[in-house]
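Here are my notes on this one, as promised. Have the structure open while you read.

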Amino acid sequence: MIERRPIADFVGHLILIVTVLIVAFPIYLAVIAASHDLAGISQVPMPLLPGSEFFTNMANALLEGPKIVGVGRGTSALLLMSNSLIMAISIAVGKIIISLLSAFAIVYFRFPLRTFFFWMIFITLMLPVEVRIIPTFKVVADLGLLDTYTGLVLPLIASATATFLFRQFFMTVPDELVEAARIDGAGPMRFFWDVLVPLSRTSIAAMFVIQFIYGWNQYLWPLLIAAAPEYQTIVLAIGRLMRAPDAYEEWPLIMAMAVLALLPPVVVVVLMQRWFVKGLVETEK
Amino acid sequence: MEKRVVFHNKYLPYLLVAPQIAITVIFFFWPASQAIVQSVLREDAFGVSSHFVGLDNFIALFEDEYYLNSFKVTALFSTLVTVIGLSLSLLLAVTADRIIRAATLYKTFLIWPYAVAPAVAGALWGFVFLPGPGIVAYLLQQMGVDWNFHLNGAQAMFVVVVAATWKQISYNFLFFLAGLQSIPKSLIEAAAIDGAGPVRRFWTIVLPLLSPTLFFLIVVNVVYAFFETFGVIHSLTRGGPAKATEILVYKVWYDGFEAQDLGGSSAQSVILMAIVIGLTVIQFRYIERKVHY
């Protein structure tokens with residue numbers, strides 16, 4: 001910086017450290033709540049230091065789940081998390097595959113309806129699930145896809161952002177590579193698999209991080225599609241448990257589940273920070 | 001921008017776009033068109049037949065005080081989330097930009113709430129403010145506040161704004177920091193040599209150069225507050241108490257699924273579609289996106 005101002009530096013660090021602590025505070029509290037039994041958490045004020053029940057509560061949440069009436073009695077966090085994982089990975093992989101294919105078609109071929117298809121994909125940006133809730137639900141119901149993984153995943157894998165990102169990247173790939181491939185007698189699909197996909201590795205990784213989080217954090221869609229407990233996701237379960245009439249009896253367990261619900265996407269973001277930031281910035285270009 | 005060298009094949013490109021287009025048509029265009037059709041129909045009491053009613057559903061909607069209330073709630077909610085979120089993140093980004101050596105470290109500690117689902121963010125803050133065990137609720141009660149966000153509408157709005165803003169701060173921070181770091185240092189040095197202090201430099205150089213980022217983030221935050229906060233509302237307040245936190249997206253879901261009012265819910269869908277289209281057009285027409293890393 002231009003001026004040397006030790007006091008300003010100190011204040012700056014102070015602001016940032018305090019913010020980091022405030023931002024982390026609700027998670028800390030959830031971990032504390034998950035480490036006490038009901039009697040411990042019911043003290044006023046609640047304890048601010050960890051208790052001894054953390055592993056009991058976690059095991060209880062993972063293997064048995066809360067016993068709240070009407071919220072899928074006995075759906076364990078393990079089952080809920082595996083549903084979330086299936087949903088997140090299928091959505092991320094599905095989006096990447098169909099977007100790579102359509103971006104390849106739009107960039108590397110000339111065909112009559114090319115611009116038309118491009119605009120069709122673009123317009124999906126303006127039609128989030130939230131604005132067409134009931135008719136979309138009806139389509140999925142008519143296709144017999146309620147309470148199936150296909151119903152949870154398939155309608156969400158169309159992606160304008162991923163298609164644009166890959167299109168953007170393909171435009172930067174030198175034409176000489178296509179010429180070289182053609183001289184060597186490689187067809188379009190051979191070029192796609194052996195040249196284009198390997199070159200897109202970083203973009204694919206960036207897209208995967210963003211879409212994994214998107215899939216894991218879905219809420220409204222599973223709320224519509226997954227009525228049966230076997231197909232519910234952990235994020236959906238948290239939302240339902242929160243306002244259940246007898247939730248107060250299960251706070252330690254609910255907070256243990258909240259910690260489990262946020263752990264996988266947070267770990268993905270922190271470990272893959274470089275690709276995450278790249279994906280975030282590039283999808284907005 | 002067009003490729004100079006392309007492949008030639010009559011059928012392959014159609015095959016390649018087919019999956020994307022099929023999903024788009026079946027799950028996006030068809031339902032959206034159904035929403036428009038439904039919005040001008042009304043079903044009879046038994047749901048057997050429906051007839052054309054023109055704009056009646058829309059007129060009924062704008063005469064419905066709950067719908068108008070929902071508009072006001074959404075306006076208040078999205079304004080608070082956008083203004084508070086952007087001011088805080090801008091302050092943090094400017095602070096982090098000053099002490100650049102530690103900025104990366106702070107970045108790591110600030111980006112992770114982005115990964116937390118809105119519904120889970122709601123659960124975490126719901127517990128912090130929970131009357132009874134919630135620690136902040138306890139402190140507020142000690143200070144003499146009659147705290148119960150399950151009963152008090154203003155308090156409920158406060159809690160959902162906190163949860164929704166908390167989740168969005170990382171995103172805003174990342175983009176502000178990137179924007180700040182792309183401002184040429186020479187400009188700021190020149191201003192400093194001319195005797196402009198840090199505050200003057202911020203208002204006359206930094207903020208104007210940051211305005212494309214700022215404008216872009218305003219749109220993104222409004223879209224977020226409108227459409228992506230359903231989980232926060234559903235897990236925290238269920239739109240209550242007394243519809244004090246019933247945002248438009250929550251109402252369209254509630255009216256369609258819980259109240260089974262197909263025509264009314266579809267008319268709301270159409271209005272929401274118009275809002276998204278408006279916001280998207282603003283985003284693409286008026287925003288020069290100059291965010292560089």
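Predicted model: local features only at pLDDT ≥ 70, side-chain atom pairs only at ≥ 80, totals over all residues.

1. Residues are numbered from 1 along each chain as its sequence is written, with chains lettered from A and ligands numbered from 1 in the order in which they are written.

2. Chain A puts 82 residues in contact with 84 of chain B (contact: C-beta atoms, placed from the backbone, within 7 Å). On chain B's side, helix α1 (residues 12-39) gives the most, 19 residues (helices are DSSP runs of H or I, at least four residues, numbered from the N terminus). That side of chain B splits into 61 nonpolar, 17 polar and 6 charged residues (nonpolar: Ala, Val, Leu, Ile, Met, Phe, Trp, Tyr, Cys and Pro; charged: Asp, Glu, Lys and Arg; polar: the others, Gly among them).

3. Have a look at α14 (residues 251-271) of chain A against α5 (residues 118-128) of chain B: they pack at about 145°, axes 10 Å apart (axes are lines fitted to C-alpha atoms over the stretch in contact, and angles run from 0 to 180 degrees between N-to-C directions). Met255(A), Ala258(A), Ala261(A) and Leu262(A) meet Val120(B), Ala123(B), Leu124(B) and Phe127(B).

4. Ile32(A) sits in helix α1 (residues 6-34) of chain A. Buried or exposed? Ile32(A) is buried, because it has 21 C-beta neighbours inside 10 Å (buried means 20 or more other C-beta atoms within 10 Å, exposed 12 or fewer, partly exposed in between, with C-beta atoms placed from the backbone). Leaving out residues up to four places away in sequence, Ile32(A) touches Pro47(A), Leu48(A) and Pro50(A).

Note on methods: Contact = placed C-beta atoms within 7 Å. Helix = DSSP H or I, 4+ residues; strand = E, 2+ residues; numbered from the N terminus.
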